[in-house]
Each structure stands twice: as C-alpha cells, then as structure tokens.
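Biologist: I'm new to this one. Can you walk me through a piece of it?

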Amino acid sequence: MKVVVCKDYEEMSQKAAESVAQSIKENPGGLISFPGGDTPLLMVHRFAEMVNGGAVDISKTHYTSLDEWVGLADTDEGSCGLFNRQQLFERLEKPFAGTHLINGAATDIEKERQELDDYIAEYGPLDVSVLGIGLNGHLGFNESGVDFDWNAHIITLDETTRRVMKKYFGEKFHPTQGITQGIAQIMAAKKVILIANGAHKADIIHRAVYGQITPEVPASVLQKHPNCYVIVDQEAGAKL
C-alpha cells in the first residue's frame, strides 16, 4: 500500500482524480470504476473537469459502476446509478467508449449480476478501481465476512450499512440486499485507489492499513494488492 495523507477533502479529491487520469493516459483503452456517495463526489467532478479541459481522453475508455442497492433502478433517487448519471456522465462533454450501470430493480437480478461479470470480463480486468470504505470496512457491498474469491454477487447488507443508508433514503426505502463487484475483481485491477475523509473513518482506515487481513474487515485485503493507493484527508488518516 502507498499511503497519501492530504491536508483536506479537496486535495484528496484532486489527487485521486489525477491518479485515475494518469492511468488512462498510460492505457487509454482500459476499464475504470468509481463508487457513489459523498466521499467520491468532488473527485468525480474534478475528473470530469479534466476530461472536459482536454487533460485526459476517455474516448477509448470503458466504465462500470461498482455496486447498487437491490430494488433501485439506475434512475431512482438515492441509487448509485443516478449518482453516476448526474455527477459524472451528464457533466462530461465527451462520453466514455462504453458504460455499464447496474440495474438493482431488474426483474431477473441474477441475470443482472451475470451481466456485470460479463462486462468486466469483456473489457477488463479493471485498469483502475476507485473505492470508498464503509465504517465496517466494506468495499462496494462486499460486507463483513465476504468471500475474497467471489466475483460479482448479491449480498445481504450488514447492519452498519443499513444504518448509514438512512442518510440517502430516510424512511422511504429499506433495502436489505446489494449487488456488487466482487473482491476477486477488485484485486485483479491494475490499480486500486481507496479514498476516505473525515474523523469518523480514522479507525477503520487504520484497521484496513495495519490490521489483520480478514474477511471481517474486507478492505484489509488491499494490503495484498501490488498497486494500491490509500488517499485520505488528515482527519481520516489521523491514526496512520
């Protein structure tokens, strides 16, 4: 792991976006993946600005979403798909060569899982996987106890994840499952960028970087990745 502690959220976001852009410059035809949520928001905006300013060319690059709440389509409020559409795709003046968004509301959710596997198999392995980290150490919806050998899968959400999801849905929606890229696909990525900000992430970042490698803290497996960058602000990195 290469740990980069930034002075604030803005610097963290900028450095992560620059790292993605550098990988695309080195391999324009690669496959990349971003998470949804509050942590990657500014990084995604900065990346779009780089594309629009001509600093990086994504015309040969493919993109896939990381995960989705089962029950939500990629146009539903609070979905990871809508995050991708509004915060990334609609900001880009030039599109990716191709994109794949997970439809958590698919009638045949097993088929949807297979299509995620198929997309990564066709255009991957991932060139860059950008990840956030849950308070329980999850990556995407790879929750505590996950099998590190799995590819895309459907999983029951951890109680910690269900508590956090209220900031996205309030009392309107109570998903119990997620569909996600698997740890095997993340670990096959040429570069992994783990981002985190805020004092509330300091404990889990410390466990992920220095703790025992265990499925109980899924992010700990990144200690074994040969090209993983942990980019955090000072508060999240306070215990490193």
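Biologist: Let's start with β6. Which residues point one way from the strand, and which the other way?
Modeller: First, a caution: this is a predicted model. Val-128 and Val-130 point one way from β6. Ser-129 and Leu-131 point the other way.

Biologist: And are those four buried or exposed?
Modeller: All are buried.

Biologist: What is the bridge partner of Ser-33 in β6?
Modeller: Ser-129.

Biologist: How many bridges join β6 to β9?
Modeller: There are 4, and these strands run parallel. β9 spans residues 191–196. Here Ser-129 shows up again, opposite Val-192.

Biologist: New topic. Where is Asn-142?
Modeller: In the loop between β6 and β7. β6 is 128–131 and β7 is 153–156.

Biologist: Is Asn-142 buried or exposed?
Modeller: Buried. Its relative accessible area is 0%, and the cut-off for buried is under 20%.

Biologist: What does the side chain of Asn-142 reach?
Modeller: Two backbone oxygens. One belongs to Leu-139, at 2.9 Å. The other belongs to Gln-181, also at 2.9 Å.

Biologist: Leaving aside neighbours within four places in sequence, which residues is Asn-142 in contact with?
Modeller: Gln-181 is on that list too. With it come His-153, Thr-180, Gly-182, Ile-183, Ile-186 and Pro-218. His-153 falls in β7, the strand at 153–156.

How values were computed:
Residues are numbered from 1 along each chain as its sequence is written. This is a predicted model: local features need pLDDT of at least 70, side-chain atom pairs count only at pLDDT 80 or more; totals for chains, interfaces and linings use all residues. Side-chain values use heavy atoms; hydrogens and water are left out. Helices (H or I, at least four residues) and strands (E, at least two) are DSSP runs, numbered from the N terminus. Buried means under 20% relative accessible area, exposed over 50%, partly exposed in between (1.4 Å probe, protein chains only). A polar contact is a pair of N or O atoms within 3.5 Å; within protein, one must be able to donate a hydrogen and the other to accept it, and residues adjacent in sequence count only if both atoms are side-chain atoms. Contact means heavy atoms within 4.5 Å. Two strands pair if DSSP finds at least two bridges between them.
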